[in-house]
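Subject: Structure handover and notes

Hello,

Please find the structure below, followed by my notes on what was found in it.

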Amino acid sequence: MTTPLVVLHDVTKVFPPNVVALNRVSLSIAEGAIHAIVGENGAGKSTLMKVMCGEVAPDSGTMHWKGSSARFASARQGMDAGIGMVHQELLLVDELSVWENMVLGVEPVHRFGRLNRRQARTEVCNTLERCGLALPPDALAAELSLAARQKLEIAKLLHRNVDLLILDEPTASLAPQETVELFSELRRLRDTGRTVVFVSHRLGEVLELADRVSVLRNGALVATVATSDTDKAGLARLMVERDVLFTAKRVPSSPGRTVLRVEQLRVAPLRGGGLGPVNLVVNAGEIMGVAGVEGNGQTQLVAAVTGDHQCTDGRMVVDGVDITTASILERRRHLSYVAAERKLDGEAVNESILDNARMTHHRLTPSFTSTAGRILDAGRARRFVDELEVRFSITMNSFRQPIGSLSGGNQQKVILGRELAMDRALVVLDQPTRGLDVASIQQVHELILSMRADGRGVLLISADLDELFQLADRLVVLHRGTVALEGATASLTIAEVGAAMLSGSP
Amino acid sequence: MTPRRTFITALAGVVSALMLGVVLLKLFGYRPSHAYAGLLHSSLGSHQAVADTAGNAVPLVLCGLSASLAFSTGAVNLGQPGQFLMGALFAVVGGIYVPGPALVVVPLCLLLAALGGALWAGIAGVTRRRVGMDEFIVTLMLNFVADYFTQWLISSPLADPTRSSPTTRAVRPAAFLPSLGQWSIGVPVTVVVSGALWFLVHRSTIGYEWRMAGGARRFARLGGVAVERNVMAILGVSGGLAGLGGGMLALAGPHRFVRGIGGNYGWDGVMIAVVAASGLMATVAFGLFFSALQTGAIGMELRSEVPTEFVQILEATVVLITVAVRGVLSGAWVRFTTRRSAAIGVAKHSTGPCGRGPG
């Protein structure tokens, strides 16, 4: 048996104040393989990757690289030794071209440190050709698609001759077709002798791509198995230590009256693109899914419906009331809203659970205040938090603790609980499970289905097609701000939806 | 920051500043025990001293509350010096021209003082809403405007012709701020105002909205809070507090608007808010403490010949050390808990807290 490329032994890392991110993790990665790391949120996946590439120093434990002991003081040292990492947030300079991005930090220079542009560009072209990566060397990074930008990140590492490529959730924001392409690139890299480690949430992808998979749970390594010896349910069980249902129980929908009607809605471009014209109907007792590659108008649609941003044209009616020009507070009489950016829009991270739970209720639910709405009723809010704690089984110590000290799943349950208690006809859910662990996602899915069963209309925006296909009764696909495809979920296939997401037509 | 941690850092700051003071005094050949005894005696050593300290704390506390309120609710107000002057001006003008008995005139003048400060701060609110100017810069710049505007008023249209230095006429005696024995009436007024402000911020619906908008603006906005309208109200209340401080100072002391009446109260207030980490009760406590230092300074000089300026060194040291200790202490706390949980976590092979780590 050959020496493994990387051997980690008893690696421990504690983040202040008391988060044990890695707890005596021992792991070996074979040369020339694709090795996946899976685990729930907070299981320590990213930390493990950062330890490997030298970005994070472990508190204890050892690492062997190519058979000899290694201890990197920085990511730069890791890179020099041959380990490179592609972060979830891509680190590219938009204003520079592909070749400029690739040579950044390892530029060939003339005398006196002047950049040798010709040599640099030639070297880049050689690398691209050698590795079989199709990238236009002179295009600006800003002009590339998300998938191409990811490819550029990988090319950057290959240009530095790394032997081990680490990718942190590379498929998180890719369309299905782009994922397929990325995977074939990664396989080719493996076949040319490189080793790939990638982190993912999506068990299906892991089984498809990886040779071996390691499961982390709460900072500890639970198991490393060959993908041929396991399946989705088996991995999920290892991740959460209990069986997870992959098909949410659902009954056929019985759509009632219209709770949201969007007519000829247009929104002027904000943060990257405009919207419209869009027509959309959500009925009571059904879940309307909105699919699309991020940045194709979903943000604008939600902003227009919730009142965060004024629409430039069109009409919106919620539960029979025209809300086109209504204030945010006025709209909140008719709709509940769970925002995508939880830490920014959905909660006040440093404030107490109590103060987070009574937002909006403090104006619109009379029992939360006394003396004509002027004084807060602290007792009522406390009972409300108690109710939420029991009903949604939220793990918490006190209503006084900052909501940011809860786990992501528990934070989201407080927010969902707050919004559901308003009992509105329309519920707008923007990426309600983003960043949550598998068990929490399951609970949130059940909650969403219970809203539907209660006869509410749900507008569900999600980047996760599996989620949409599991939950939504009908789907619209947004592409460049307009509806590219619409239909009952049952009559659509993932391939059709994926094609519409990418090209605007199925 | 929890109240207990705030208290600990404050105590650490005060104690270490006093200890550093000992070193400095020795270095310059004074006897620290004499100096501190003098300081203590003339700030807290007698009924009169306590009453003086409390009375002198009034403008400090009100300017401090003005700054703390703004800092903790998402508006920026650095215009306390100007609002203080406008409050004093409004109170004095009311005191000169409004006829009637003290029972009517004094409360009216105090209301005018608050109104003056509120209107001055309100300018920044209007420019923010109408033309999108940052209230940070507008409140700051308005300090200069207020300074020169009042200087012009007292040297020309409102000048007292019988005086050689620029000042207004004296207010009518009915507008003098009365006192209860040795105690200025400003003390109970400030106590009531502080209590009412605390209730407003921590118990009322509008105060809840202010607090939420302070820490999480987008969250508050999407929850239905009219954030922009609230900024206007916060600036008004904040400016009103500083203005009230100016009014009470003018009506209690010189009874007229004299040049330099604003002293350093406005900036001291901002400093107090910073030391108090914008906590309302902590602001009151630090206001009293700084007042005790300033009140005791003269007694210290009489007894031990230590110049009154030494108190400014103490004040500055308290500020620097408290703010530094706040950082160091939370850092040390983090390291301590990290080490402890690392030990426990690894020893027990525990799995650590669920889902709190970075992905």
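R480(A) counts as exposed, at 69% relative accessibility (exposed means over 50% relative accessible area, buried under 20% and partly exposed in between, with a 1.4 Å probe and protein chains only). R480(A) sits in the loop between β21 (474–479) and β22 (482–488) of chain A; helices (H or I, at least four residues) and strands (E, at least two) are DSSP runs numbered from the N terminus. Its phi is near 50°, a positive value in a residue other than glycine.

Before the rest, some background. This is a predicted model, in which local features need pLDDT of at least 70 and side-chain atom pairs count only at pLDDT 80 or more, while totals for chains, interfaces and linings use all residues. Residues are numbered from 1 along each chain as its sequence is written, chains are lettered from A and ligands numbered from 1 in the order in which they are written, and side-chain values use heavy atoms, with hydrogens and water left out.

Chain A

T360(A) also has a positive phi, near 70°, and is not a glycine. T360(A) lies in the loop between α12 (353–357) and α13 (361–364) of chain A. T360(A) is buried, with a relative accessible area of 0%.

T179(A) belongs to helix α6 (residues 176–191) of chain A and is buried, at 8% relative accessible area. Beyond its neighbours within four places in sequence, T179(A) is in contact with T171(A), L174(A) and E205(A) (contact means heavy atoms within 4.5 Å). The C-alpha atoms of T179(A) and A147(A) are separated by 8.1 Å, and the two residues are 32 apart along the chain.

Chain A is divided into domain 1 (6–240), domain 2 (245–334 + 424–506) and domain 3 (349–421), with bounds from an automatic or database domain assignment. The centres of domain 1 and domain 2 of chain A, taken over C-alpha atoms, are 34 Å apart. Their contact takes 13 residues from domain 1 and 14 residues from domain 2.

Chain B

The axes of helix α4 (residues 80–97) and helix α10 (residues 227–252) of chain B come within 6 Å and cross at roughly 50°. Axes are lines fitted to C-alpha atoms, for helices over the stretch in contact, and angles run from 0 to 180 degrees between N-to-C directions. α4(B) and α10(B) are therefore oblique to each other (under 35 degrees counts as roughly parallel, over 145 as roughly antiparallel, 65 to 115 as roughly perpendicular and the rest as oblique). By class, their contact has eight nonpolar, nine polar and no charged residues; Ala, Val, Leu, Ile, Met, Phe, Trp, Tyr, Cys and Pro count as nonpolar, Asp, Glu, Lys and Arg as charged, and the others, Gly among them, as polar.

α4(B) and α11(B) have axes that come within 7 Å and cross at roughly 135°, which makes α4(B) oblique to α11(B). Here Q80(B), P81(B) and F84(B) in α4(B) meet Y265(B), G266(B), W267(B) and V270(B) in α11(B). The residues of this contact divide into five nonpolar, two polar and no charged.

Helix α11 (residues 265–275) of chain B also comes within 9 Å of helix α12 (residues 280–304) of chain B, axis to axis, with a crossing of roughly 125°. The contact is made by D268(B), M271(B), I272(B) and V275(B) of α11(B) and T283(B), F286(B), G287(B), F290(B) and Q294(B) of α12(B).

Regards
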